[in-house]
Amino acid sequence: MPPLDSFGADNPTVQSERKPDLISPDWQEAFHRVSLYLQTLNVPEGKALEFTREVLRLASSNQRDTAGSPSIPEAMRALRELLRKQLSLLRKESFNPQDVSLHENLNGLSSMPPLNRGFMVPDAIDLIPWRTFLVRSLQRAVTIVSRPLIFLILFIFLILLFVLLTLWK
Amino acid sequence: MNQLFVNAAWEKVSRIRRIFLITLILITTVVACLFMSNILPHKGSTGLEVAMVLVFGALFAWISIGFWMATAGFVTLMRKYDRFAITSTCLESNRRGELSGRTAILIPICNEEVERVFTRLRITYQSLETTGKLQDFDFFILSDSTNPDTWVEEEAAWAELCQTLGAVNRIFYRHRRVNLKYKSGNIADFCRRWGKNYHYMIVFDADSMMTGHSLIRMVQVMEQNQTVGILQTAPLGVNRESAIARVQQFANHVYGPIFGAGLNFIQLGDSFFWGHNAIIRVAPFMKHCSLPRLSGKPPLGGNILSHDFVEAALMRRAGWEVWLAYDLEGSYEEMPPTLLEELKRDRRWCQGNIQHMRLLFSKGLFPAHRALFLHGAMAYVSALLWFLFLSLSTAEAIVEVLRVPDYFPVMRSLFPTWPVWHPQWALTLLASTGIILFMPKFLSLLLIIFRQRRSREFGGIVKLFLSVMAEIIFSFLFAPIRMLFHSKFVFITLVGGQVGWTSQQRSEHETSWLEAIRFHGPGMVLGLIWGTVLFFINRSFFWWNTPIIVPLILSIPLSVLSSSTSLGKAFQKIGLFLIPEEINPPRELHLLQTMTQNQETSFAPISISAKEGFTRAVVDPNINALHRSLLGKKQKLMPSIMKRRQELLEKALTQGPKTLSPKEKKELLLDPQCLFQLHEHLWETLDHTIAQKWGFPPERNSL
């Protein structure tokens with residue numbers, strides 16, 4: 001960023017309008033703050049300088065109207081005002097419009113497509129399957145055992161088992 | 001069940017193959033158990049020995065599954081023809097046609113390293129672009145990040161990516177404020193909002209990457225096979241530098257294919273879903289795969305953690321097939337960089353897999369998926385069984401030394417009963433266990449060298465052979481350490497301890513000595529005590545157990561050294577653990593490496609690190625505007641909340657960002673009005689100290 005001394009050097013009108021208090025430390029800080037802000041917006045150096053000049057001019061006139069509020073807040077307010085007006089112009093410039101366009105066009109920017117709602121409901125799933133399994137197995141066993149023929153076979157088997165165990169040494 | 005699913009040819013074949021596999025496992029296990037009981041001093045007649053034989057049987061059955069599966073895979077790959085390979089259904093003529101369905105690529109993330117995620121996304125996007133079929137795909141970054149800095153960083157990265165790739169309305173970003181049901185909830189949230197717009201979704205992990213061709217191929221396979229609900233690829237580990245991760249990715253490349261082919265041989269359409277690098281048919285997924293909340297409290301109740309297994313089982317229950325495309329190339333992931341990171345991940349998986357036991361007998365599930373639930377749980381429970389086996393055998397060894405031998409156990413017998421031990425039988429059993437464990441590795445080696453003739457891709461026959469040998473040593477050394485941790489995880493889960501859901505640290509970093517002492521210290525002490533007791537009481541048993549005791553004692557240096565990237569690079573330099581992607585990297589991986597090296601860490605002109613997302617959201621006009629815009633419409637707030645936020649704003653303005661807690665930062669980030677005020681006030685501030693705290697350059701006195 002060129003020094004503030006060169007501020008308006010190529011512009012006789014601006015040079016003639018320059019007031020002594022504009023290069024006071026207070027305004028120097030305001031100059032840096034505005035420049036920094038424009039840098040974060042990726043505004044090219046030349047364009048940023050032009051913009052800064054405009055901002056400081058606007059800020060100094062505003063300061064006179066508001067009876068001497070500090071220069072940095074005044075400059076930043078002027079910058080925001082000016083950005084609102086001029087960003088569309090800046091965007092048309094040849095420099096990378098990525099940041100500035102982003103800053104300007106954010107109202108309505110969405111990172112998601114329009115909603116197309118659907119449903120996703122869990123299918124019926126047994127949450128205590130162990131118990132269900134045991135109950136089911138028991139029910140099945142009861143059903144099987146309650147058949148006469150199977151009951152008879154089981155009865156004979158149990159008697160045989162009992163006899164075998166009794167005779168076992 | 002729909003007519004679409006009736007009488008699939010593979011179902012009958014799979015039944016026969018599974019019965020065959022179970023028979024083989026049972027035979028080998030019974031034989032091994034008989035051998036084991038014969039080796040024991042009392043021939044398996046005491047209670048302790050019965051317990052030992054039972055535990056040994058369970059463990060032997062577990063390792064036999066891997067062996068027989070690998071053998072099946074080896075045979076399949078040797079034949080070079082698999083009539084049930086799902087990719088073979090996609091004919092060459094069908095590959096040239098247009099895709100009929102739209103696909104969403106989902107990248108669910110939670111406090112991940114932003115630049116890594118977005119670099120992978122960028123490469124995948126560009127790779128897809130080169131195929132000319134980008135218009136059929138949309139990308140969704142689904143963030144569950146709770147860290148406010150990461151949240152802003154993600155937004156900024158998304159905006160930057162959209163601008164540079166011209167991908168507005170192609171790459172989308174969503175941040176969930178409440179991360180209900182973790183990753184599965186995140187994907188379900190996507191499905192509810194936009195699922196109806198897509199036929200398929202491809203799920204990525206934060207470290208996943210796939211080539212455009214493989215993405216297209218997956219969609220083509222799905223279009224060709226209308227009964228497939230989930231198609232899982234077998235991702236290959238790449239890109240790692242630390243020693244342990246390089247060993248893992250080498251093993252993944254060398255042994256992975258035969259295990260993949262073996263899995264497919266047995267499971268066919270009843271396969272796994274690993275939660276990432278897979279394509280899913282959206283409509284049936286939405287209809288059947290929503291996960292319920294299990295009754296009771298965590299760890300065994302609550303949200304289902306390892307959702308992927310359950311989703312596959314539910315998909316299958318509804319009749320849709322789940323296949324493993326084991327031979328599909330171009331699917332990558334990254335291994336955990338250190339042993340500790342791997343163990344942290346295992347801690348979560350362990351809890352999730354054990355939780356599946358509650359669903360084991362759920363009505364309607366296919367037997368194969370019940371077996372997969374059991375298999376998943378056994379992956380960790382087997383460690384506890386091994387630990388139990390070692391404890392029992394140690395107890396037996398000590399008891400045998402301390403007890404006075406009874407030479408006449410039967411009254412009035414003429415001859416004494418001598419305690420006889422047959423070391424040759426023990427050696428035979430040890431050798432057969434070794435064969436079961438290591439044969440798959442040698443089969444893989446044979447396959448690569450003689451059948452596929454790809455040894456050059458691994459650095460040549462000699463280097464490949466040496467790498468396999470070194471890998472065996474590595475797995476020998478790390479197995480007891482993993483066993484101890486997994487046993488602990490299972491035990492903690494069973495007694496009701498639970499894990500949080502923190503993100504993995506995926507970038508390369510080394511384990512510090514202090515960290516290693518903290519984690520491995522108890523294991524080392526246990527190894528020392530166990531070794532000392534055995535050394536003094538039963539010396540011969542001590543020597544048998546040195547392969548387990550020594551790694552436990554050395555666990556601290558092993559953990560630190562294995563995390564070393566310089567050791568990993570040294571291995572690479574001498575040609576050990578080389579993988580084809582290192583010798584001849586595909587374009588995508590090459591790009592990834594270049595981009596990762598050239599990443600910026602801060603943004604000009606204000607020196608705020610990219611990681612300080614909150615500060616950037618306040619200071620940088622672009623990020624501030626972007627974040628406010630993405631927050632959407634301003635909500636009406638209660639006066640108490642507004643008051644609290646004003647106080648926070650005041651605090652931020654007077655004390656700087658470092659004094660704010662993550663919760664406070666998040667609260668400010670949630671309020672567009674507050675954030676705008678903060679931005680305005682900060683840029684207007686006259687206090688240079690505060691300005692500097694927010695990253696402004698020091699005051700310049702001269703112009």
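Over residues 1-22 of chain A the pLDDT stays below 50, yet the stretch has 21 contacts in the model beyond near neighbours in sequence; a contact needs C-beta atoms, placed from the backbone, within 7 Å. Residues 94-102 of chain A also fall below 50, with 19 such contacts. Chain A as a whole averages 72, and 67% of its residues score at least 70.

This is a predicted model, where local features need pLDDT of at least 70, side-chain atom pairs count only at 80 or more, and totals for chains, interfaces and linings use all residues. Residues are numbered from 1 along each chain as its sequence is written, with chains lettered from A and ligands numbered from 1 in the order in which they are written.

Between the chains, 43 residues of chain B touch 44 of chain A. Helix 23 of chain B gives the largest share of chain B's side, six residues.

Helix 11 (residues 307-317) of chain B is mostly covered, with 10 of its 11 residues buried (20 or more other C-beta atoms within 10 Å of a residue's own, C-beta atoms being placed from the backbone). Among them are Phe309(B) and Arg316(B). The buried residues of helix 11 pack against helix 6, strand 6, helix 10, strand 9 and helix 13 of chain B.

How values were computed
pLDDT is the predictor's confidence in each residue, from 0 to 100. Two residues are in contact if their C-beta atoms, placed from the backbone, lie within 7 Å. Helices (H or I, at least four residues) and strands (E, at least two) are DSSP runs, numbered from the N terminus. A residue is buried if 20 or more other C-beta atoms lie within 10 Å of its own, exposed if 12 or fewer, and partly exposed in between; C-beta atoms are placed from the backbone.
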